[in-house]
Amino acid sequence: MTAPVVPARSPEAAAAVVSETAPARSSAELIRAEEPVLAHNYHPLPVVVARAEGTWVEDVEGRRYLDMLAGYSALNFGHRHPRLIEAAHRQLDRLTLTSRAFHNDRLAGFAERLAQLTGLDMVLPMNTGAEAVESGIKVARKWAYEVKGVPADRATIVVAAENFHGRTTTIVSFSTDETARTGFGPFAPGFRIVPYNDLAALQAAVDETTAAVLIEPIQGEAGVVVPDDGYLAGVRELTRRANCLFVADEIQSGLGRTGRTLAVEHEGVVPDVVLLGKALGGGIVPVSAVVGRREVLSVLRPGEHGSTFGGNPLAAAVGTAVVDLLETGEFQRRATELGAVLRDGLTALVGKGVVGFRSRGLWAGVDIDPALGSGREVSERLMREGVLVKDTHGSTVRLAPPLTITAEELGSALAALERVLTRGA
Ligand SMILES: *Cc1c(COP(=O)(O)O)cnc(C)c1O
């Protein structure tokens with residue numbers, strides 16, 4: 001081999017170079033520095049995270065915070081879970097990207113294990129959640145034309161109001177959130193929107209053009225909205241009778257969050273297609289997937305769909321390690337047991353600043369008395385107490401800690417919430 005053009009540096013030497021060229025800036029300076037150069041599509045809490053481990057993150061000044069958001073469930077296994085980091089390191093030293101022009105030696109194993117974990121047959125690997133949703137829509141439409149016999153370009157997909165499925169132009173076309181939509185038209189046709197948790201409305205919307213019903217088993221961004229018992233089983237029955245697909249967006253609800261591998265398991269339901277993302281990448285790389293029945297995913301033939309990065313060996317290695325963790329059952333068990341602690345803690349706060357809440361497993365949407373402040377204001381006060389959360393709409397705060405959180409840590413987060421609510425502004 002010829003000598004490398006750039007001499008290899010030890011990690012220590014590389015770190016020294018970084019600190020020479022980029023003098024440390026304070027949190028306040030870094031926040032100010034973003035303003036002129038970074039698109040303003042987010043309004044983050046004023047905390048600048050520099051490192052993290054497990055349930056804890058540390059800011060630039062060394063202040064520590066309990067992470068009660070877990071990257072919207074992308075960090076179900078906590079920050080830098082040792083098994084996931086090890087899998088990533090090992091793969092980084094061997095092979096990171098091939099494109100799907102060639103096979104790679106990690107992809108078959110990942111697909112086999114993910115299909116087995118979900119009880120489905122085939123996997124279409126993608127990267128982000130929105131891509132999984134887009135891919136699910138394409139697959140459902142093709143299935144409608146080729147298998148169901150819907151006339152060309154007439155397929156419809158039924159979705160629920162208040163949904164969140166991502167940010168692409170097609171996906172915002174069937175959002176009911178005006179902030180997500182306004183200014184981004186013209187919108188894609190082919191979607192019917194019905195109220196969530198309403199089987200009669202769903203029944204009325206489904207007809208011979210329907211390719212699929214696409215819903216979240218629990219609506220996360222809407223405020224952790226848990227449907228009535230029987231809704232998911234009803235969707236399954238209704239879609240079976242109407243000969244259309246049940247596509248479950250489990251990108252946030254899946255992979256242990258609710259106490260089961262998939263949230264649909266609470267009703268013993270197996271959808272035709274499950275969309276996964278977020279935690280599938282172990283908090284390391286974006287990994288998403290459409291997982292489905294063979295009859296559905298086999299409508300795709302070479303050239304009809306693809307992704308340069310989808311199914312890359314690094315993603316497959318991390319995704320396989322995620323499946324390994326979930327197969328132990330430990331995280332689902334923790335979500336169930338600690339979910340009960342969370343529910344009891346929140347129940348005790350009802351009437352003391354909490355108006356109501358919805359929860360399943362380690363996932364809760366907490367409605368704060370609007371007189372005590374907006375969800376944003378409560379989130380900022382919690383930040384000052386060393387607890388990071390995110391508001392959803394209005395006065396709702398979402399809690400979704402890493403599933404590795406301990407009972408003590410959960411107790412301290414609930415105590416901080418109580419302090420913030422009883423002390424007020
Ligand atoms: C986050 C999310 C998405 C979109 O995922 P991205 O990776 O942000 O594109 C889609 N559906 C649900 C339910 C989500 O929570």
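The model is predicted: local features need pLDDT of at least 70, side-chain atom pairs count only at pLDDT 80 or more, and totals for chains, interfaces and linings use all residues. Residues are numbered from 1 along each chain as its sequence is written, and side-chain values use heavy atoms, with hydrogens and water left out. Helices (H or I, at least four residues) and strands (E, at least two) are DSSP runs, numbered from the N terminus.

The description begins with an open sheet of 4 strands, in the order β1-β2-β3-β13 and with mixed pairing; two strands pair if DSSP finds at least two bridges between them. Its edge strands are β1 and β13 (387–388), each of which pairs on one side only. Strand β1 (residues 49–53) is joined to strand β2 (residues 56–59) in the antiparallel sense over 4 bridges, and E53 stands opposite W56 in β2. The hairpin of β1 and β2 has 2 residues between the strands, and G54 takes a positive phi near 65° there. Strand β2 also pairs with strand β3 (residues 64–67), again in the antiparallel sense, over 3 bridges. In this pairing, Y65 in β3 is the bridge partner of V57. Helix α15 (residues 407–423) lies across β2, β3 and β13, running at about 100° to β3; axes are lines fitted to C-alpha atoms, for helices over the stretch in contact, and angles run from 0 to 180 degrees between N-to-C directions. Contact here means heavy atoms within 4.5 Å.

W56 takes part in a further arrangement: the charged end of R64 sits over the ring of W56, 4.7 Å from its centre. A charge sits over a ring if NZ of Lys or CZ of Arg is within 6 Å of the ring centre and within 35 degrees of the ring normal. Elsewhere, R181 lies over the face of F187, at 4.0 Å from the ring centre.

A second open sheet has 7 strands in the order β4-β10-β9-β8-β7-β5-β6, with mixed pairing. At its edges stand β4 (122–126) and β6 (191–194), each with a single partner strand, so one side of each is left without a neighbour in the sheet. On average, neighbouring strands of this sheet are turned by 20° against each other, direction ignored. Strand β5 (residues 156–160) and β6 run parallel and are joined by 4 bridges, with V158 opposite R192 in β6.

The loop between α8 (178–181) and β6 contains F184. F184 is partly exposed, with a relative accessible area of 48%; buried means under 20%, exposed over 50%, and partly exposed in between (1.4 Å probe, protein chains only). Not counting residues up to four places away in sequence, F184 touches V172 and T179.

Strand β12 (residues 364–368) has 4 of its 5 residues buried, so it is largely enclosed by the rest of the structure. Strand β11 (residues 354–359) runs antiparallel to β12 and is joined to it by 5 bridges, with G365 in β12 as the bridge partner of R358. These two strands, β11 and β12, form a hairpin with 4 residues between them, and G361 in the turn has a positive phi of about 60°. Strand β12 is also joined by 4 bridges to strand β15 (residues 396–399), and the two run antiparallel; here A364 stands opposite L399 in β15.

Helix α4 (residues 82–92) has L84, A87, A88 and Q91 buried. Seen down the axis of α4, the buried residues fall within an arc of 95°, so they line one face of the helix; the arc is that of the directions from the helix axis to the C-beta atoms. The face turned away from the buried side of α4 carries the exposed residues P82 and R90. The cover over the buried residues of α4 includes α12 (313–327).

Rings of Phe, Tyr and Trp (its six-membered ring) pair if their centres lie within 6.5 Å; planes under 30 degrees apart count as stacked, over 60 as edge-to-face and the rest as tilted. By this rule there are 3 aromatic pairs. The rings of F77 and F331 have centres 5.0 Å apart and planes at 85°, so the pair is edge-to-face. This pair links distant parts of the chain, 254 residues apart: F77 lies in the loop between α3 (70–73) and α4, and F331 in helix α13 (residues 330–349). Both F77 and F331 are buried. Y196 and Y231 also form an edge-to-face pair, 5.4 Å centre to centre with 65° between the planes. Y196 lies in the loop between β6 and α9 (199–205) and Y231 in helix α10 (residues 231–241), so the pair ties together parts that are 35 residues apart in sequence.
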